Amino acid sequence: LREEDPVHWSPSLKSWIISRYADVRDLLLSDHLSVRRLMQFYSALPPQDAALLSDIVKYLDLWLAFRDPPDHTRVRRILRHAFTPKAVDAMRPGIEEIVSHLLDRLEAKDANRIDLIREYALLVPAYVIMDMLEVPRDMLDEFKSWSDDMAVFIGGARNSDDKYARAARGCQKMSSYFRDIISERSANPRPGFLMDLINARDEGDQLTEDELVATCILILFAGHETTTNLIGNATLLLLRHPEQLAALRAEPALIDGAIEEVLRFDGPTNALVRVVAQDHELEGRKMREGERVFVMVNSANRDPRAFDEPDRFDISRNPNRHLTFGQGIHVCLGARLAREEGRIAVMELMKRFPDLALDDEPPEWLDAMVPRGTRRLPVR
Ligand code: HEM
């Protein structure tokens, strides 16, 4: 597609597929596309489902990721006060402690093979986010089940009443948990990310209580599976490129470049989704208001017009201007944190297990259009 039909209309998806670097970057920077209008895919529900899912839709409606300017500008300005480099740097010791604790557990395990996703890549970002949002670590299973239930609806499944009921229940549990902890923290201030979020202000304006709850849920969804895929894809790529792994082991300062190259070569998200906000033309094709657009960042990251030998995995690639964290006003707010987690999790894993190798059982890739990562990654 990238070579022959870079602005492709997919009749089965009823959407545009944009695959070249320059088009992806320019579209994300333009005001021709809207994220707000994606809400139409969530809010167009038959009356009985609309009643059941009204709470979830209410929170999605408040997500930064589904807002256009000027609404988006207001919330983003407030939120950036909680995501400063200083705030992220303060999380580093916590990430190191989580990684070290999980690696101790792996080391103590008496098994020939482990699934790196289930036993490590899922857990690092889960515990980091739980710590940020002050969810006790022993609530992991419960918390995960609420978010899995909600993900059924947020991820776009449109098939069963039972799943909708579960999604609604998950949202009810999760939102009331966050509401309680926000009110407890407001009454008893204690330094940390949640306090920064509650206190975040821009010119006297701050998030409402519903916006705070919605933001906690957004952080959970935006920062978990993505970072899991970063850690999983990094491990897989390094084990498949032993000469690159050897270079990294010999010179650990290469970890920054290694993480950037993983983000480019096999980024955690294949596509970003938008709706055309106003008619315009791209590469000679007419895109009309209301049509859905898949902006393929991973394809852009392999575009030979933008990268030399794009299909070569090279941790010393420089410059490496991948589009994996997006571009423009919605560029990832958690990028600094994700990079920090990726660097610590991957470097410490490689240090602690010098003989780590892929198992004979092959990895299982996720069967999905948007996330890019493995569901199972057996290593020994
Ligand atoms: C937005 C990627 C980790 C929080 C985004 C966007 C991308 C992205 C591409 C823009 C979406 C769009 O334009 O439609 C990633 C990747 C990650 C990662 C690849 C991991 C490797 C995180 C983490 C957090 C986070 C750890 C927070 C804890 C957010 C938020 C937004 C966002 C709040 C919405 C920004 C806005 O709409 O203005 N992320 N992300 N992300 N990300 Fe991340």
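Lys14 lies in the loop between β1 and β2 (15-18), where helices (H or I, at least four residues) and strands (E, at least two) are DSSP runs, numbered from the N terminus. The phi angle of Lys14 is near 50°, a positive value in a residue other than glycine. The structure is a predicted model, in which local features need pLDDT of at least 70 and side-chain atom pairs count only at pLDDT 80 or more, while totals for chains, interfaces and linings use all residues. Residues are numbered from 1 along each chain as its sequence is written, and side-chain values use heavy atoms, with hydrogens and water left out.

An open sheet of 5 strands has the order β1-β2-β10-β7-β3, and its pairing is mixed; two strands pair if DSSP finds at least two bridges between them. Because β1 (7-10) and β3 (33-34) stand at the edges, each with a single partner strand, one side of each is left without a neighbour in the sheet. Strand β3 is joined by 2 bridges to β7 (residues 271-276), and these two strands run antiparallel; the bridge partner of Leu33 in β7 is Val276. Strand β7 is in turn joined to β10 (residues 292-296) by 5 bridges, again in an antiparallel arrangement, and Leu272 has Val295 in β10 as its bridge partner.

Two packed helices are described by the angle between their axes and the distance between the axes. Helix α8 (residues 123-132) packs against helix α12 (residues 209-223) at an angle of about 165°, with the axes 10 Å apart, where axes are lines fitted to C-alpha atoms, for helices over the stretch in contact, and angles run from 0 to 180 degrees between N-to-C directions. This makes α8 roughly antiparallel to α12 (under 35 degrees counts as roughly parallel, over 145 as roughly antiparallel, 65 to 115 as roughly perpendicular and the rest as oblique). In the contact (heavy atoms within 4.5 Å), Pro125, Ile129 and Met132 of α8 meet Ile219, Leu220 and Gly223 of α12.

The only protein donor of the iron atom of the ligand is Cys332 (SG), at 2.3 Å; donors are N, O and S atoms within 2.8 Å of the metal (3.2 Å for Na, K and Ca), and water is not among the atoms, so sites may look incomplete. Cys332 is placed in the loop between α16 (297-300) and α17 (335-352). Pro319 also has its place in the loop between α16 and α17, and the peptide bond from Asn318 to Pro319 is cis, with omega near 0°. A cis peptide bond also joins Pro69 and Pro70, with omega about 5°, and Pro70 lies in the loop between α4 (54-62) and α5 (71-79).
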